[in-house]
Structures are given as C-alpha cells and as structure tokens.
Amino acid sequence: MLDYGFFLDLAIILLMAKMFGILFRKLQLPQVAGILVAGLIIGPNVLGWVNETEFLLQMGELGVIMLMFTAGLETDLKELKNTGVASICIAGLGVIVPLIGGYLLYSLYMGGFAPIGSDGFLEAIFIGVIITATSVSITVETLREMGKLKGKIGTAILSAAIIDDIVGIILLTFVIGFKNPDSSGLAVIGNTLGFFVVALILGVIIHYIFKYVDHQDPHRRRLPIYGFAVCLLFAYIAEHFFGIADITGAYVAGIVLYNLSSSEYIVGKIDINSYMLFSPIFFTGIGLKTEITGFTLPVLLFTIGFVIIALLSKVLGCGFGAKLMGFNKLDSLKIGVGMMARGEVALIVAQKGLNAGLMNPTLFSAVIILVILSSIATPIILKSLYSKEESDIEIAISA
C-alpha cells in the first residue's frame, strides 16, 4: 500500500524553505542560506519533522541536475573567447591557491599529510575543490547597483567565475572517480576524456537538431521538454557508462544548447519547475544531512580556518592573477574580493562529495557558514573599495 507520508514531508519542506528564504532575503542574505537553515531545523538535528528518505534523495538529485543544466545554459562561451588570457590567468590562480589552501588545512586538521592516492589524500584535495568554485550573483548585483558591471573589472570577474566553475566540476569528476576503489588513475582519466569525446559528438548532432527545431518553431513548450530530456540523457551517460558525476553531464548538456535563440526561454521554463519544487528539496536535503551534534572544538577550529582560507585564497589567487595581467593594485584587489563569494556551486560540489564519502557530515556546517559569511562580506568590502577609489579621485581633483 502506498505511504502518503511524503505529501506531508513535501508540504513542510516547501513551506519552511520559503519562509526562511524570505526571512534571509529581508536580512539581505542569500535565500539559499535560509533554505539550508530550514533543512537543519526541520531535520533530525532539531525538530525532527522530516527525515531523509529515498524519495527525497531522488527528488533532490533532480533538483541539482536542473541547477547544473541551467548553469550550463547560462555559460557564455563567446564571452570567454573575448576575454581571453586575462580571465584564464585570474581563474587559474583562483583555483590553484584555494585548492592548495584547502588541502593544507585538512591535512593539518587530520594531523599530517596522507599518502598520495589514499582516502585521506582524496578527502584533503576535495576540501580544496569545494572552495575553488565562485558564486558571483552577489557580486553582480553589487556591481550593477554601482553601475560598474559592464566595465573591465566586472567582465573579468564574470568570465573568471565561469572558468572557475568549469574547472571545479572537472576536478570534482576526477576526485570522485579516484574514490572508486576499482579505478586506477589511467581509468579515471580515460573515462573522463571518453565522456567528453562522446558528449562532443552527441552535442554537435543535438545542437544542430535543436537549432533546426528552434528555427521552425521558436519559443514552443516542446523545446524545454526536449532540452530537459537531453539533460537527463547526458547525466545518465556520464554516471552509468563513464562513472563520473551526473552533474557533469547535466552541465555539458546546458552548454550544448547555450547559444540557441530560445535558450533563455528554456532556462525560464526549467527555472519554474526548479524553483517551485526541486531546488527547495535539494537545499533542505543538505540541511537534513548536516550533523551539528558533533560540533566539537576541533571542528570549530577547522570551520574558522576553512572560512578564512576560502576568503583569503580567492583574494590572493585572483588578485595576483589580475596583477600579472596588468591591472593596478586597487583593481586587482577588487577582482580578488569580487571572486570571494560562494553559493550554489560550492554547496553542490560539497553535497556530491558527501554522498561519495569524501566528506564528514559534521564538516558540512563549515560550507554553510562560508556561504553565509562570504555573501555578507563580499558586497561590503567591494563597496568600500570603490568608495575609497572615488574619494581618492576627489582629493586628487581638489588638490
């Protein structure tokens, strides 16, 4: 007999997620942080109203697939070509420095460096992978408010963030692949390259089919349905045939369809479903998984170090990359600060690693705290840097 208890679970999740999302928005914090807190409160850690079930896990997986599909659809490869070497340098150092910082922090937390290829080594690398991703939605809104989004700095931040996310997903694919005890280094590399070759061939064929359908019947509801079917197909191929993360397949599917004339229409339709049901389930599911009962002094110290390294490593890495590319000191600092914010991609990466056994659930709270604090700190510091520049210009003019 069908158990109808999942209706109650969904009702509680949607109501609490929306209430806390609105509360956090009024506090000028990301709504996603509020949804995470809602998951913590309704889950076994506090009220115990909702427990993780296989049904909620599968619904949450659809949520993360939708998020990564829309992220791929919104990845502007033409913009990356136009910004060229500067964005690659900024993003490259913005990945390498956090990766090293996260690895060293976890090694210190565990009391030493684990042998290369061991579980401890992979877990340490994974902590670095989490903080490579950048969420620039907060930065974009801040720059837009100040009228600076279309400038040289805004373009550099946006382009570097796109590259960060792509590299972060590829790194996640490798780390999860190496976690499989049956996989060798060559097998992981071969599977990853094999997927991208297959995705490229399929992608070219599918892209031209969609281009034809889009030209014949633009902005028809069948396009988002076909598009999401392709997304699910790529996710299945990635996970089932090549043993790599399903979100990699979903992201690539989005990139395949990104420059269609109806791509924004597809994003809009997918977003409605994601926003209404699947995303709240995914993000509250992260809260349900997070363990706060084991928050000991070592975990607290790790969390403090994690937040500090995550913030400083982006400022130093991206800022130094910008300086190498000819930006002055103040502009380099603005770019570094603009890349500090973490959001959905960091949470998605952390959640996939948690499921793969690469992360202790107790440490997940550090990621949530990072998302909240970086979202607060980034706009405040960025605005103060622009204010300093404007006041220096005024002083120079008056002198």
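I looked up the ring cluster: ring pairs join Y4, F6, F7 and F55. Rings of Phe, Tyr and Trp (its six-membered ring) pair if their centres lie within 6.5 Å. This is a predicted model; local features need pLDDT of at least 70, side-chain atom pairs count only at pLDDT 80 or more, and totals for chains, interfaces and linings use all residues. Residues are numbered from 1 along each chain as its sequence is written, and side-chain values use heavy atoms, without hydrogens and water.

I then took the aromatic pairs, 13 in the structure. F6 and F55 have ring centres 5.0 Å apart and planes at 55°, so I logged the pair as tilted (stacked is under 30 degrees, edge-to-face over 60, tilted the rest). F6 sits in helix α1 (residues 5-26) and F55 in helix α3 (residues 54-73), so the pair ties together parts 49 residues apart in sequence. Helices here are DSSP runs (H or I, at least four residues), numbered from the N terminus.

F6 is partly exposed at 24% relative accessible area, and F55 is partly exposed at 31% (buried is under 20%, exposed over 50%, partly exposed in between; 1.4 Å probe, protein chains only).

Y103 and F121 came next. Their ring centres are 5.7 Å apart and their planes at 70°, so the pair is edge-to-face. Y103 lies in helix α4 (residues 77-110) and F121 in helix α5 (residues 119-130), 18 residues apart. Both Y103 and F121 are buried.

Terms used:
Helices (H or I, at least four residues) and strands (E, at least two) are DSSP runs, numbered from the N terminus.
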